[in-house]
Structure formats: structure tokens, C-alpha cells
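Here are my notes on the model, as numbered points. Please read them with the structure open.

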Amino acid sequence: MRQAVLVGAVAYTTNVVPIWEGIRDYFADGPVEMDFVLFSNYGRQVDALIDGTIDIAWNTNLAWVRTVLQTDGRCRALAMRDIDRTFQTVFVSRAGASLGDLADLRGRRVALGSRDSAQAAILPVKYMRDAGLGTDDVELIRIDTDLGKHGDTGRSELDAVRALLDEEADAVALGINTWEAIGSDELMPDALTEFWRSPEYCHCNFTALDSLPDDVGKLFVDHLLAMSWDDPKQRTVMELEGLRREWVLPELDGYASLFTAVEEQGIPARW
Amino acid sequence: MVGDARTLVDLVARVGAAAAGERVPVQVGDSDPELVGRWCERAGHRLLRIDDGVAVIMRGPIPDDDAVLAEIPPERQPGTRLWIYTNFDCNLACDYCCARSSPQAERRAVGPERIRRLVAEGAEHGVTEVYLTGGEPFLLLDLDEIVRDCVARLPTTVLTNGMLFRGRRLRMLRAMPRDGLALQISLDSATPDLHDLHRGAGSWQRALDGIRTARDEGFRVRVAATVSPGAAGTDETAAFHGLLDGLGIERADRVIRPVAQRGFADDGVTLTVESLVPEVTVTADGVYWHPVAADHADQLVTRDLFPLADAIDEVRRRFADYRRESELAAQRFTCA
């Protein structure tokens with residue numbers, strides 16, 4: 001009998017432990033067992049995936065891109081959360097700042113989250129470039145807290161919002177999850193307002209190398225996708241992990257913009 | 001406005017970083033309490049209070065009642081067992097009786113009509129088993145009618161001391177259905193000493209005779225022993241099982257439980273609504289949390305016997321609340 005599938009995850013919050021213990025318990029009743037290993041950063045996790053220490057990595061989109069680049073594509077995405085298919089970045093200003101589009105940021109200060117955050121730094125820079133804003137057209141205020149966790153903690157984005165509220169920045173780029181956690185502009189319409197929203201892109205996925213046997217990968221994915229929002233115990237884990245309702249198969253086209261951004265910005269494949 | 005926005009950012013940072021279920025104090029200053037409440041509701045957290053500019057928030061996701069109840073095995077789900085105290089009077093005066101039953105206890109009978117309705121409503125609302133207990137149910141001369149009505153709806157167990165199977169009451173026993181009915185007879189020890197010490201001289205032998213009679217009449221018999229802490233050692237327990245083996249009582253039909261510090265008992269296990277998995281219990285006076293405390297105000301759920309579904313729902317809701325609270329207490333109580 002095969003040993004348990006070993007999944008790596010990054011410990012960006014105390015809730016990572018109950019999340020993965022819950023998923024491990026769920027798999028204990030299934031056709032393939034799984035266990036997990038926690039890492040302090042995505043760099044170590046991707047290294048562990050490539051050297052075979054773990055079978056599957058619960059990766060951010062940047063960790064996925066870097067795995068693809070380091071393995072010359074000899075890896076695959078197995079599954080993701082439903083919210084990972086429709087992730088977005090929003091640009092937010094103080095209410096009444098008269099910013100209507102990214103082009104309006106010319107000559108302004110934009111606060112970004114950690115430089116390894118796809119949603120709050122890498123993609124926002126790409127979006128501004130696509131809007132015709134060069135390096136000298138915008139003053140970037142980078143808030144590099146929690147480097148290594150790819151923005152998972154949200155801390156750098158919240159610090160960026162504080163900079164905006166303190167009038168140290170004119171705009172801020174946030175992941176849609178952080179914007180919604182604050183209450184978007186529904187709870188404080190007189191303080192902050194969203195003025196631009198990106199196209200949807202993909203965020204996290206379960207990444208495996210091509211060496212993972214197909215039957216094992218299929219058993220893992222089939223059982224993962226069978227997790228039910230209608231089961232109270234399973235739902236608790238899914239809520240904690242931030243799912244809207246279900247695990248889904250990956251949509252790889254949703255990573256194209258990040259591959260482009262990584263190449264354009266010269267972000268190394270390994271760090 | 002900016003102050004409120006800063007508060008929201010602080011809430012996301014502080015509560016978001018906490019463990020699920022943790023109580024998180026967050027400085028909110030003069031921010032609008034309604035805004036804090038709306039943020040909590042939207043984010044799936046629970047605002048517990050705001051005192052002196054500090055909001056205390058329970059970090060979500062907060063498991064709903066169904067999620068809490070899912071942790072309990074199906075056979076122990078609150079609301080699956082329905083206990084009915086048919087009367088309260090008893091032919092014995094056991095010194096540990098949790099219901100304070102005795103020959104001097106006033107009869108407080110639920111009556112066949114209400115029992116029929118309780119079982120019917122219970123069956124419609126998830127009850128899967130009925131337990132009839134006394135005092136001593138066999139003091140009721142319409143017990144056979146009551147039992148037939150219950151068994152017609154649900155599997156039923158009658159708790160008895162087994163001492164009254166003579167004359168008219170033996171005929172009543174014989175008139176009861178065998179299918180869907182079990183008799184749970186109290187027997188505390190392998191020899192008369194311990195049993196008679198608490199239940200009265202000669203009661204052990206008569207209970208034993210009652211077990212034999214019920215078995216001979218073709219009834220399924222369970223035996224329940226109530227044991228004082230430390231009273232039954234390994235040898236006593238082995239002897240007790242040996243006796244029950246000889247009587248043909250299945251292993252699964254043996255219940256050995258400690259004395260509860262309730263009713264007449266001075267000592268025993270302390271049981272509270274927070275520590276018990278509830279088993280909905282109806283007496284003539286109301287609906288209670290558990291049969292071990294059916295004569296105690298602290299475990300009264302409602303004085304209204306009907307509709308029974310409301311009482312069952314209330315028990316399930318309260319149980320989920322207690323479980324959530326105890327989980328939190330376990331998380332925050334540390335000694336060092």
C-alpha cells in the first residue's frame with residue numbers, strides 16, 4: 001500500500017493547522033490518505049516539491065509560476081478553490097480623490113504590498129505598465145512585510161491601506177480578498193473607493209511534479225473535489241480555507257498574465 | 001470617517017490573524033459600534049461586546065448548530081432518545097435515587113393520552129427510541145396500554161426494578177408486546193450485599209427473580225447497575241458479569257454507571273447541563289435536559305410539554321451553544 005500523499009502548505013496563519021488537520025481527517029476516510037508538512041515560506045516549499053520531499057504543494061500563483069519555470073514545465077496543477085479561478089486586483093483611493101482610471105495615477109503615489117505578492121505588487125505593476133505608465137510616471141511605495149508568504153497574510157496590504165488613510169499614498173493596489181475583508185466600499189463609502197478592477201486571474205493551486213503517478217493524482221483530486229459544503233464538518237474546513245463553496249479543477253489560462261508579468265519585471269524563478 | 005476606516009483595517013488585521021473561535025479584543029475607540037457589528041456579521045465573526053472602546057470579537061467561522069451536532073455520534077444525537085417519567089412514586093426507596101422516588105413520593109403521572117401524543121410528535125421530529133421510567137412504572141395499572149401505544153410507534157424500553165411481576169402486574173407484563181420492547185431491570189451487584197445496602201433488604205433476590213421471569217416470558221432484558229465510586233473492584237465487576245452470563249443477558253445489554261450526585265445521593269458524579277449530552281426527558285411537570293436530573297430546576301427546559309418539537313429544538317440549540325462555549329473555554333484556560 002502506498003504511503004500517504006504528503007502535501008506541503010505555508011503556515012501564514014494559526015488557522016493553517018486546523019485547516020490541514022481537517023483535510024487530513026477527511027482524507028483518512030477516503031481512497032488515498034494524505035498528511036501535511038508546513039513551511040515558513042513558498043521558496044522552501046517549492047524546493048521541497050522539486051527535491052521530492054513532498055508530493056504536492058499548496059501553492060500561490062507566484063509559487064506555481066516559479067515551479068513551472070524551475071521544472072521547465074514538468075509539473076501540473078491538480079485543483080484549486082472556486083475563488084482561485086476568479087481572483088482580481090483592485091485599485092483604491094481615498095473617497096473624492098477623482099481617480100477614474102489607472103492612467104489617472106500619472107504623477108501620483110501608489111502603495112503596493114509585498115513585492116512577492118502577485119495580487120498586490122507584481123500584477124499591479126503590470127496593469128499600470130499596460131495602461132501606459134512607465135517607471136518614472138508613478139511613485140511606488142513598496143511595503144514589504146511578510147516577504148516569502150506571497151502576500152498571504154494580507155498584512156502588507158493593510159499597511160498599504162493605512163498609508164493611504166494617512167495620506168502618504170494616493171492609491172493602493174489590493175487583492176480582492178483583502179478589499180472584501182475590509183468591507184470594500186460598502187462599509188466606508190465616505191473614506192475609501194475602488195476606481196479600477198482587473199480582469200479575473202487564477203490564484204492558488206495544488207501543484208505536483210509530473211512524477212506523481214497519475215492514479216494517485218486522480219484519487220487525490222477526485223476525493224478533494226468530493227468535499228461537500230453541505231457536510232457541516234467539511235464545510236467548517238472549507239470556510240476556514242476561504243472557499244466559496246467547492247474545490248474545482250484548475251483553469252491554467254488564468255495564470256497567463258502572471259507569467260507575462262514575471263518575465264517583464266525580471267522576477268527570478270528561484271529566490 | 002477616516003477613524004472608522006482605520007478601525008476596520010485594525011479589525012481585519014487583529015481578528016484575521018487570530019485562531020478560529022478565539023476571542024479577540026480590538027481597540028475601536030469612538031468608532032460606530034453599528035459599523036463594527038456590521039463588519040463582524042459580514043466577515044462571519046461574532047461581536048460579543050464593546051466596553052470602554054474595546055470590542056471583543058469571536059473569530060469565525062463559527063460552526064453552526066448542525067456542525068456542532070455533527071460531532072456527536074448518531075445514536076447519541078440530542079433528540080433521538082425520548083425519556084418519559086411515567087410517574088414518580090416507587091415501591092423502593094433507594095438511597096441514591098436521582099429522581100427522589102419512594103413509596104412516599106407523590107404520584108405525578110403523565111398519563112396514557114399525553115404519552116401517546118408525546119411519542120407521536122417525537123417520532124415526527126427525529127425521536128428514534130422511547131424510554132419509560134418511574135419511579136416504578138409497573139405501579140401503573142395501565143402500563144400495558146401505554147407500552148403498546150409506544151411500541152406501535154418506536155422501539156421502547158421500560159425501566160423497572162423487576163420486583164412486581166406477580167398477580168395482576170404479571171398478567172399486565174404478559175400482555176405486553178415482545179417485538180420492539182426491552183425491559184431494563186436494575187441490579188447493582190453480583191451478590192445481595194451491595195444491592196440491598198442501597199435498595200433495601202431482599203430487593204436483590206426479587207430483582208433476580210424478576211429478570212428470570214421476564215426472560216422466561218420471552219422479553220429482551222437489559223440489566224443496569226448503579227455503582228458508587230470505588231464500591232465495585234475488578235473482582236466484583238467480573239463476578240457481576242459472570243452472574244449476567246449465567247442469566248443469558250447479552251453483553252450489549254449491560255449498563256454499569258456511576259451514582260450521580262442528584263436527588264437522594266449525597267455523593268457521586270457531578271452532572272450539569274454543560275457536561276451532559278442531553279436526552280430529552282418529559283415528566284408531568286415539564287421537559288428536562290436529561291433523565292438524571294428530571295426533578296431538578298437547573299435542568300428544566302420548559303414547562304410546556306407540547307409541542308414537543310419546540311422543546312427538542314431548544315435542547316439542540318442550547319447544546320450547540322454549550323459545546324461552542326466549552327471549546328472556547330478550553331482554548332483560553334491556561335494555568336501557566
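1. Domain bounds here come from an automatic or database domain assignment. For chain B, the assignment gives domain 1 (2–61) and domain 2 (72–308). The centres of domain 1 of chain B and domain 2 of chain B, taken over C-alpha atoms, are separated by 49 Å.

2. A word on the basis. This is a predicted model, in which local features need pLDDT of at least 70, side-chain atom pairs count only at pLDDT 80 or more, and totals for chains, interfaces and linings use all residues. Residues are numbered from 1 along each chain as its sequence is written, chains are lettered from A and ligands numbered from 1 in the order in which they are written, and side-chain values use heavy atoms, with hydrogens and water left out.

3. Domain 1 of chain A puts 17 residues into the contact, and domain 2 of chain A puts in 12 residues. Contact means heavy atoms within 4.5 Å.

4. How much area do domain 1 of chain A and domain 2 of chain A bury between them? About 1,300 Å², with 62% of it on carbon and sulfur atoms. Buried area is the accessible area (1.4 Å probe) that two parts lose on being put together, summed over both. A:Tyr12, A:Leu62 and A:Glu264 supply 35% of what domain 1 of chain A buries against domain 2 of chain A, more than any other three residues.

5. A salt bridge is a side-chain nitrogen of Lys or Arg within 4 Å of a carboxyl oxygen of Asp or Glu. Six residue pairs are in polar contact between domain 1 of chain A and domain 2 of chain A (both at pLDDT 80 or more). A polar contact is a pair of N or O atoms within 3.5 Å; within protein, one must be able to donate a hydrogen and the other to accept it, and residues adjacent in sequence count only if both atoms are side-chain atoms.

6. Now the two chains. Chain A gives 23 residues to the contact and chain B gives 25 residues. The area buried between chain A and chain B is about 2,000 Å², and carbon and sulfur atoms give 63% of it. Three salt bridges cross the interface of chain A and chain B. B:Arg42 and A:Glu186 meet through their side chains in a salt bridge (2.7 Å, N to O). Eight residue pairs are in polar contact between chain A and chain B (both at pLDDT 80 or more). H8(A) gives the most to the side of chain A that touches chain B, with five residues. Helices (H or I, at least four residues) and strands (E, at least two) are DSSP runs, numbered from the N terminus.

7. Chain B holds an open sheet of nine strands, in the order E9-E8-E7-E6-E5-E4-E10-E11-E12, with mixed pairing. Two strands pair if DSSP finds at least two bridges between them. Strand E9 (254–258) and strand E12 (300–302) of chain B each have a single partner strand, so one side of each is left without a neighbour in the sheet. Five bridges join strand E8 (residues 220–227) of chain B to E9(B), and the two run parallel. Within this pair, B:Thr226 stands opposite B:Arg257 in E9(B).
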